[in-house]
Amino acid sequence: MPRIDNDIKLDFKDVLFRPKRSTIRSRSDVDLTRSFLFRNSGQSYTGIPVMAANMDTVGTFEMAKVLSKHLMFTAIHKHYSVDEWKEFAAQNKAALPHVAVSAGIAEGDLKNLKNIIEAVPDLQFICLDVANGYSEHFVQFVRDVRKTFPKHTIMAGNVVTGEMVEELVLSGADIIKVGIGPGSVCTTRKKTGVGYPQLSAVIECADAAHGLGGHIISDGGCTCPGDVAKAFGAGADYVMMGGMLAGHTESGGELIERNGKKFKLFYGMSSATAMQKHAGGVAEYRASEGKTVQIEYRGDVEKTIQDVLGGIRSTCTYVGASKLKELSRRTTFIRVTQQLNEVYSSVTTQH
């Protein structure tokens, strides 16, 4: 007998921050760095916990070079070779505390992970990423990786419910990736009917993780700097961005010229494009769960970084949080039926 959970679940678009009295003079007074000590690895991290997703159009070495200069994080996609990793590590030692090496659970992924970590011993973070973090096979894989790499900090996901967050933390993961279906090029909800509104997923999963000394990443669903701030306000320790970092010089994907305009390809890692590129096509037993889009070329990522970090700093000044760490404690969300005044949404604006 199917059951219905009647509690209302919310997305970023369903809420706004309520402003509160503040003593902060300027956005420049807001400290966005966080320091974390990880439950299972015993390692620590200090930086700005805004993260590029481990998609091959976003989680590139080029992106990591720029983001690491701002103390931001990059989950590097899993399709770089050992030699490419060695070359990156030799030239960008300062970036290594701000990157993770990614792996799935396909045959050969664990071996490839071992080879990269042997070649680049300064790597501290591992990102274990599958579309469905609820599989017993995945939980066992997390345990195996923890046994193999006892001192590395492990990110694992994706899940959207507290009990699965707890299971992954207790199986050896330090940071749980939260989000099923909210991504801009993810079609899981359309193809499968499975998902969970992202704001509620973050609130519930953060509560579960923090109760065990674990951490979470809000992965997907951010369309603007305000959404990134809402994810932090909801209790996320890190916020991962895909579409917001796509289309830049440092993003992967080919540059296409059409009618005098430049575009870059951006696609989900379960899309037909990604499976064609990395697995020789879509296996006959599965459907593509991602789409491919052409994004108008946006130039260097530096401007977008300033926009995102500036937006979060501004949120903090509105609610009286002098540090990012204080944001969730200073957050009261109000339910809304409308976010923005769209009267000029179809008109080209000048910046």
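In this predicted model, Asn-259 is exposed, because its relative accessibility of 76% is over the 50% cut-off. Asn-259 sits in the loop between β12 (255–258) and β13 (261–267). Its phi is positive, about 50 degrees, although Asn-259 is not a glycine. Leu-71 also has a positive phi, near 65 degrees, and is likewise a residue other than glycine. Leu-71 lies in the loop between α1 and β5 (73–76). With a relative accessible area of 37%, Leu-71 is partly exposed. Most residues other than glycine have a negative phi, and most peptide bonds are trans. The bond from Gly-157 to Asn-158 is cis, with omega near 20 degrees. Asn-158 belongs to strand β8 (residues 153–159).

Helix α10 (302–319) has 18 residues, which at 1.5 Å a residue should span 26 Å. Its end C-alpha atoms are 26 Å apart, in agreement with that expectation. The buried residues of α10 include Ile-305, Val-308, Leu-309, Ile-312 and Val-319. Also buried are Thr-304, Gly-310 and Cys-316, among others. The cover over the buried residues of α10 includes β1, β4 (50–52), α1 (61–69), α8 and β11 (238–241). Gly-320 follows the helix, with a positive phi near 80 degrees.

The second largest pocket holds about 520 Å³ of space. Its lining comprises 23 residues. Cys-224, Gly-226, Asp-227, Lys-230 and Gln-339 lie nearest the pocket centre. By class, the lining has ten nonpolar, seven polar and six charged residues. β1 (15–17), α8 (225–233) and α10 each supply at least two residues. Helix α10 gives the most, with five.

How values were computed. Residues numbered from 1 in each chain as written. Predicted model: local features only at pLDDT ≥ 70, side-chain atom pairs only at ≥ 80, totals over all residues. Heavy atoms only, no water. 1 Å grid on protein atoms, 1.4 Å probe; cavity = no way out; pocket = protein on both sides within 12 Å on 5 of 7 lines; lining within 4 Å. Points joined across faces, edges and corners; volume = space filled by probe spheres on them. Helix = DSSP H or I, 4+ residues; strand = E, 2+ residues; numbered from the N terminus. Nonpolar A, V, L, I, M, F, W, Y, C, P; charged D, E, K, R; others polar. Expected span 1.5 Å × (residues − 1). Buried < 20%, exposed > 50% of the residue type's maximum accessible area, 1.4 Å probe, protein only. Contact = heavy atoms within 4.5 Å.
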